[in-house]
Amino acid sequence: MAEQPVRLSPALKQATPVLAARGEGAYIYDEDDRRYLDFTAGIGVTSTGHCHPRVVEAAQRQVATLVHGQYTTVMHRPLLRLTERLGSVLPSGLDRLFFVNAGSEAVEAALRLARQATGRQNVIAFQGAFHGRTMAAASMTTSGVKIRAGIGPLMPGVAVAPFPYAYRYGMTEEEAGAFALRELDYLLATVSSPLDTAAFFIEPVLGEGGYVPAPASFLAGLRERADRHGALLVVDEVQTGFGRTGRFWGHEHAAVRPDILITAKGLASGFPLSAIAAPDELMERAWPGSQGGTYGGNAVACAAALATLDVIEEEGLVKNAAQMGERLREGLVRVADAHPVIGDVRGLGLMLGNEFTAPDGSPDTDTAARAQRAAVEHGLLLLTCGPHGNVVRMIPPLIVTEEQVDAAMDVWERAVADATA
Ligand code: PMP
């Protein structure tokens, strides 16, 4: 065979020019040993920081013991231990788990379960949501057309209702929540009959779509409609789970009960692992053999997840996320007050977004991109999000310290000044 130069697909878009050599805590080091403060956490994954010694040790021990305990062939202890351990953090009543590898796969599993359990076909998702890139998950994803363009036809049976995006609508959170519920009722009366509607899929904080928290009144309204219509409330906590929002689960801010909970990212500190949780009576309605996967519940990932849960608990990371989140928010609001181009600072815990807006109210994608790039040049890794890419988001690891938050704020101030100069 001829030797040929091979390159990565251009479909993969990289947000920074950094070539990472190693990670330690809240920092990434490049091949020249330049240090970057990582306020991306691998898109909200490395909550315990890069290479937390406890996670590394647990994973190393498991690698030398059993890597691929294929769970539809043989069962293994790390998976059983993790299942039991998650009992201490899952919402009460959600006592059955199914594991896969990625967020999208867990979304697919939740959809499969929702359809089987209700015998209904339709799902309602919310505008701006990101649920993943696999075809069914992409069909429920409207965080930006780049995810959907050119790959259709997408899965039928998905109706999209407005998300209560208060800033975009120029409303208060309460008004936006009430508006979105009215529109949802309208959708149920015009597009997707309650008799056909299996589930509502909702992110407690819109993630890729712009870091917009769902008002508590809206989530409570969804719960009420799910009960009224016999539909399921499926809460996608892939990005908001495991302490990210300053509570263990994002939906706790609204005190609503999910029927199906989807988790991934923060669960295993960077090892591929995701899960859905649901009450026994619901999981019991899944058709045997209808869920599975070659790599799901990988033994090393499970061992890493067990260590991750220990670290979250022992180091008080949920509380730290709430406290550092407040400090970070105060800093971001200060910068926004000095720079009118940042029209909105919002989010929960350590999941905060800065929306850049032009004087006429339109999205200011260019300035947001310049600020993100300038921050990276000054040693702070950041990502943008939102359909127009005009929201710069901050998702530091949950181990972040006051000093690191303050250092990030110094860089952010300079980056925004550079971008608006
Ligand atoms: N749901 C949400 C809320 C997400 O944020 C993401 C990833 N950004 C996904 C699902 C998909 O996860 P994955 O990329 O692991 O498939």
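Author: A residue is buried if 20 or more other C-beta atoms lie within 10 Å of its own, exposed if 12 or fewer, and partly exposed in between, with C-beta atoms placed from the backbone. Keep that rule at hand. This is a predicted model, where local features need pLDDT of at least 70, side-chain atom pairs count only at pLDDT 80 or more, and totals for chains, interfaces and linings use all residues. Residues are numbered from 1 along each chain as its sequence is written.

Reader: Let me try the rule. Is T240 buried or exposed?

Author: T240 has 30 other C-beta atoms within 10 Å, so T240 is buried. Helices (H or I, at least four residues) and strands (E, at least two) are DSSP runs, numbered from the N terminus. T240 sits in the loop between β10 and β11.

Reader: Which residues does T240 touch?

Author: Two residues are in contact if their C-beta atoms, placed from the backbone, lie within 7 Å. Leaving out residues up to four places away in sequence, T240 touches E203, P204, V205, T245, G250 and M351. Take P204. T240 and P204 are 36 residues apart in sequence, but their C-alpha atoms are 7.1 Å apart in space.

Reader: How many residues apart in sequence are T16 and R373?

Author: T16 and R373 are 357 residues apart in sequence, and 7.5 Å apart from C-alpha to C-alpha. T16 lies in the segment before β1 (20–24). T16 counts as partly exposed, because it has 18 C-beta neighbours inside 10 Å. Beyond four places in sequence, T16 touches V376 and L381.

Reader: How is the chain divided into domains?

Author: Domain bounds come from an automatic or database domain assignment. Here they give domain 1 (20–48 + 316–420) and domain 2 (55–314). The centres of domain 1 and domain 2, taken over C-alpha atoms, are separated by 25 Å. Their contact takes 28 residues from domain 1 and 30 residues from domain 2. On the domain 1 side, the elements giving two or more residues are α1, α11 (317–338), β13 (342–348), β14 (351–356) and β17 (391–394).

Reader: What is a nonpolar core?

Author: Start with the general idea. In soluble globular proteins, nonpolar side chains tend to be buried together. A nonpolar core is a set of buried Ala, Val, Leu, Ile, Met, Phe, Trp, Tyr and Cys residues joined through C-beta atoms within 7 Å. The largest one here has 134 residues, and A110, A114, V234 and I276 have the most contacts inside it. Helix α10 (residues 299–314) gives the largest share of this core, 12 residues. Domain 1 and domain 2 each supply at least three residues to this core.

Reader: Which residues does A110 touch?

Author: A110 touches V234, I260, I262 and I276, again not counting residues up to four places away in sequence.

Reader: At what angle do α7 and α8 pack?

Author: Axes are lines fitted to C-alpha atoms, for helices over the stretch in contact, and angles run from 0 to 180 degrees between N-to-C directions. Helix α7 (residues 173–190) and helix α8 (residues 216–229) pack at about 25 degrees, with axes 8 Å apart. Angles under 35 degrees count as roughly parallel, over 145 as roughly antiparallel, 65 to 115 as roughly perpendicular and the rest as oblique. So α7 and α8 are roughly parallel to each other. E174, G177, A180, L181 and L184 in α7 meet S217, F218, G221 and R225 in α8.

Reader: And the crossing of α7 and α8: left-handed or right-handed?

Author: A crossing is left-handed if the near helix is turned anticlockwise from the far one by less than a right angle, and right-handed if clockwise. α7 passes α8 in a right-handed crossing.

Reader: How do α11 and α13 pack?

Author: α11 and helix α13 (residues 402–420) pack at about 20 degrees, with axes 10 Å apart. They are therefore roughly parallel to each other. α11 passes α13 in a right-handed crossing. Residues of α11 that meet α13 include M324, R327 and L328.

Reader: Which residues does the cis peptide bond join?

Author: The cis peptide bond joins G152 and P153, with omega about 0 degrees. P153 lies in the loop between α5 (135–139) and β6 (158–161).
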